[in-house]
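Please consult the sequence and the model while reading.

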Amino acid sequence: ATDEGGWATDGGRVLTVVALVLTTAVLGVVNPLLIQRVFDDGLFPEGASGPDVEVVVSLCIAMLAVTLVSGVAGVWQTIVTNRLGQSVLRDLRNDLYGHLQGLSLSFYASARTGDLQSRITNDVGGVQTAVTSTLSSILSNTVTFISAVVAMLLLSVPLTVLALFTVP
(Lines give C-alpha, C1' and ligand atoms only; values in the text may rest on other atoms or scores of the structure.)
Protein backbone atom coordinates (compact mmCIF):
# COMPACT_ATOMS: atom_id res chain seq x y z
CA ALA A 1 0.00 0.00 0.00
CA THR A 2 1.16 3.51 -0.70
CA ASP A 3 0.50 6.54 1.40
CA GLU A 4 -1.10 9.74 0.15
CA GLY A 5 2.25 11.03 -1.08
CA GLY A 6 2.88 7.76 -2.93
CA TRP A 7 6.59 8.01 -2.15
CA ALA A 8 7.12 4.40 -1.14
CA THR A 9 5.46 1.07 -0.62
CA ASP A 10 5.57 -0.74 2.72
CA GLY A 11 8.19 -3.09 1.24
CA GLY A 12 10.26 -0.11 0.15
CA ARG A 13 9.99 1.34 3.63
CA VAL A 14 11.15 -1.92 5.19
CA LEU A 15 14.18 -2.00 2.91
CA THR A 16 14.87 1.67 3.70
CA VAL A 17 14.71 0.97 7.45
CA VAL A 18 17.08 -2.00 7.06
CA ALA A 19 19.51 0.09 5.00
CA LEU A 20 19.39 2.92 7.53
CA VAL A 21 19.92 0.54 10.45
CA LEU A 22 22.96 -0.92 8.69
CA THR A 23 24.26 2.56 7.90
CA THR A 24 23.93 3.88 11.44
CA ALA A 25 25.47 0.71 12.90
CA VAL A 26 28.47 0.89 10.59
CA LEU A 27 28.89 4.60 11.20
CA GLY A 28 28.73 3.94 14.93
CA VAL A 29 31.99 2.00 14.82
CA VAL A 30 33.82 4.29 12.40
CA ASN A 31 34.66 6.92 15.03
CA PRO A 32 36.57 4.53 17.33
CA LEU A 33 38.63 3.44 14.33
CA LEU A 34 39.25 7.09 13.43
CA ILE A 35 40.31 7.81 17.02
CA GLN A 36 42.91 5.07 16.69
CA ARG A 37 44.19 6.80 13.54
CA VAL A 38 44.30 10.14 15.41
CA PHE A 39 46.60 8.64 18.02
CA ASP A 40 48.70 6.47 15.69
CA ASP A 41 49.05 8.82 12.71
CA GLY A 42 48.32 12.26 14.13
CA LEU A 43 49.47 12.58 17.71
CA PHE A 44 52.21 9.96 17.83
CA PRO A 45 53.31 9.25 14.22
CA GLU A 46 56.14 6.78 13.76
CA GLY A 47 59.50 8.40 13.10
CA ALA A 48 58.22 11.96 13.60
CA SER A 49 59.41 14.34 16.26
CA GLY A 50 55.94 15.66 17.08
CA PRO A 51 52.27 15.52 16.26
CA ASP A 52 51.00 16.00 12.72
CA VAL A 53 48.38 18.71 13.20
CA GLU A 54 47.01 18.45 9.65
CA VAL A 55 46.24 14.76 10.12
CA VAL A 56 44.60 15.40 13.49
CA VAL A 57 42.43 18.20 12.07
CA SER A 58 41.38 16.20 9.00
CA LEU A 59 40.52 13.14 11.11
CA CYS A 60 38.53 15.29 13.56
CA ILE A 61 36.59 16.78 10.63
CA ALA A 62 35.92 13.25 9.38
CA MET A 63 34.67 12.23 12.84
CA LEU A 64 32.37 15.25 12.93
CA ALA A 65 31.03 14.39 9.47
CA VAL A 66 30.42 10.76 10.51
CA THR A 67 28.53 11.95 13.58
CA LEU A 68 26.36 14.32 11.53
CA VAL A 69 25.58 11.71 8.88
CA SER A 70 24.78 9.15 11.57
CA GLY A 71 22.42 11.61 13.28
CA VAL A 72 20.60 12.44 10.04
CA ALA A 73 20.30 8.73 9.20
CA GLY A 74 18.93 8.03 12.69
CA VAL A 75 16.26 10.73 12.36
CA TRP A 76 15.36 9.50 8.87
CA GLN A 77 15.14 5.94 10.21
CA THR A 78 12.74 7.06 12.94
CA ILE A 79 10.54 8.89 10.44
CA VAL A 80 10.40 5.97 7.99
CA THR A 81 9.79 3.46 10.78
CA ASN A 82 6.93 5.51 12.18
CA ARG A 83 5.37 5.93 8.74
CA LEU A 84 5.65 2.19 8.20
CA GLY A 85 4.00 1.54 11.56
CA GLN A 86 1.19 3.99 10.79
CA SER A 87 0.64 2.38 7.39
CA VAL A 88 0.48 -1.11 8.89
CA LEU A 89 -1.84 0.19 11.59
CA ARG A 90 -4.14 1.82 9.02
CA ASP A 91 -4.29 -1.34 6.92
CA LEU A 92 -4.91 -3.51 9.97
CA ARG A 93 -7.70 -1.27 11.22
CA ASN A 94 -9.33 -1.17 7.78
CA ASP A 95 -9.18 -4.97 7.49
CA LEU A 96 -10.50 -5.38 11.00
CA TYR A 97 -13.35 -2.94 10.36
CA GLY A 98 -14.27 -4.79 7.17
CA HIS A 99 -14.22 -8.09 9.03
CA LEU A 100 -16.39 -6.73 11.85
CA GLN A 101 -18.92 -5.43 9.33
CA GLY A 102 -19.26 -8.91 7.88
CA LEU A 103 -20.06 -10.60 11.19
CA SER A 104 -23.59 -11.71 11.93
CA LEU A 105 -25.96 -9.91 14.27
CA SER A 106 -25.94 -12.92 16.59
CA PHE A 107 -22.23 -12.33 17.20
CA TYR A 108 -22.91 -8.79 18.38
CA ALA A 109 -25.83 -9.94 20.49
CA SER A 110 -23.60 -12.34 22.43
CA ALA A 111 -20.42 -10.23 22.59
CA ARG A 112 -19.86 -7.42 25.03
CA THR A 113 -19.15 -4.08 23.35
CA GLY A 114 -16.44 -3.08 25.84
CA ASP A 115 -14.54 -6.31 25.26
CA LEU A 116 -14.59 -5.78 21.50
CA GLN A 117 -13.43 -2.18 21.78
CA SER A 118 -10.71 -3.09 24.26
CA ARG A 119 -9.45 -5.90 22.03
CA ILE A 120 -9.41 -3.70 18.94
CA THR A 121 -7.60 -0.86 20.67
CA ASN A 122 -5.03 -2.90 22.59
CA ASP A 123 -4.25 -5.54 19.97
CA VAL A 124 -3.88 -3.09 17.11
CA GLY A 125 -1.72 -0.84 19.31
CA GLY A 126 0.45 -3.82 20.22
CA VAL A 127 1.00 -4.64 16.56
CA GLN A 128 2.02 -1.03 15.89
CA THR A 129 4.53 -1.15 18.76
CA ALA A 130 5.95 -4.41 17.44
CA VAL A 131 6.38 -2.94 13.96
CA THR A 132 7.75 0.47 14.92
CA SER A 133 9.87 -0.37 17.95
CA THR A 134 10.56 -4.02 18.53
CA LEU A 135 11.58 -5.17 15.05
CA SER A 136 13.82 -2.21 14.29
CA SER A 137 15.39 -2.40 17.77
CA ILE A 138 16.21 -6.09 17.38
CA LEU A 139 17.76 -5.50 13.96
CA SER A 140 19.62 -2.41 15.14
CA ASN A 141 21.00 -4.08 18.27
CA THR A 142 22.11 -7.17 16.35
CA VAL A 143 23.88 -5.18 13.64
CA THR A 144 25.45 -2.84 16.20
CA PHE A 145 26.76 -5.77 18.24
CA ILE A 146 28.26 -7.49 15.18
CA SER A 147 29.85 -4.29 13.86
CA ALA A 148 31.21 -3.45 17.34
CA VAL A 149 32.82 -6.89 17.60
CA VAL A 150 34.37 -6.45 14.15
CA ALA A 151 35.72 -3.02 15.15
CA MET A 152 37.07 -4.45 18.41
CA LEU A 153 38.80 -7.23 16.49
CA LEU A 154 40.39 -4.66 14.19
CA LEU A 155 41.67 -2.67 17.17
CA SER A 156 42.92 -5.54 19.37
CA VAL A 157 42.25 -9.26 19.07
CA PRO A 158 43.45 -10.20 22.59
CA LEU A 159 41.35 -7.49 24.26
CA THR A 160 38.33 -8.49 22.18
CA VAL A 161 38.68 -12.13 23.21
CA LEU A 162 39.01 -11.07 26.85
CA ALA A 163 36.00 -8.77 26.63
CA LEU A 164 33.84 -11.39 24.93
CA PHE A 165 34.96 -14.05 27.40
CA THR A 166 33.54 -12.01 30.27
CA VAL A 167 30.15 -11.63 28.57
CA PRO A 168 27.71 -14.08 30.14
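Q: Which six residues form the largest nonpolar core?
A: A nonpolar core is a set of buried Ala, Val, Leu, Ile, Met, Phe, Trp, Tyr and Cys residues joined through side-chain atoms within 4.5 Å; buried means under 20% relative accessible area, exposed over 50%, and partly exposed in between, with a 1.4 Å probe and protein chains only. The model is a predicted one, in which local features need pLDDT of at least 70, side-chain atom pairs count only at pLDDT 80 or more, and totals for chains, interfaces and linings use all residues. Residues are numbered from 1 along each chain as its sequence is written, and side-chain values use heavy atoms, with hydrogens and water left out. The largest nonpolar core consists of Leu 27, Leu 34, Val 38, Leu 59, Met 63 and Val 66.

Q: Which helices each supply at least two residues of this core?
A: Helices are DSSP runs of H or I with at least four residues, and strands are runs of E with at least two, numbered from the N terminus. By that numbering, the elements that each supply at least two residues of the core are α1 (10-43) and α2 (53-102).

Q: With which residues is Met 63 in contact, leaving aside its neighbours within four places in sequence?
A: Contact means heavy atoms within 4.5 Å. Met 63 belongs to the largest nonpolar core. Its contacts, apart from those sequence neighbours, are Asn 31, Leu 34, Ile 35 and Val 38.

Q: What is the angle between the planes of Phe 39 and Phe 44, which form an aromatic pair?
A: Rings of Phe, Tyr and Trp (its six-membered ring) pair if their centres lie within 6.5 Å; planes under 30 degrees apart count as stacked, over 60 as edge-to-face and the rest as tilted. The centres of Phe 39 and Phe 44 are 6.3 Å apart, and the pair is stacked. The angle between their planes is 20 degrees.

Q: Why is the pair of Phe 107 and Tyr 108 edge-to-face?
A: The ring centres of Phe 107 and Tyr 108 are 5.2 Å apart. The pair is edge-to-face because the planes stand at 80 degrees.

Q: How far apart are the closest N and O atoms of Arg 119 and Asp 123?
A: A salt bridge is a side-chain nitrogen of Lys or Arg within 4 Å of a carboxyl oxygen of Asp or Glu. Arg 119 and Asp 123 are four residues apart in helix α4 (residues 113-155), so about one helical turn separates them. In their salt bridge, the closest N and O atoms are apart by 3.8 Å.
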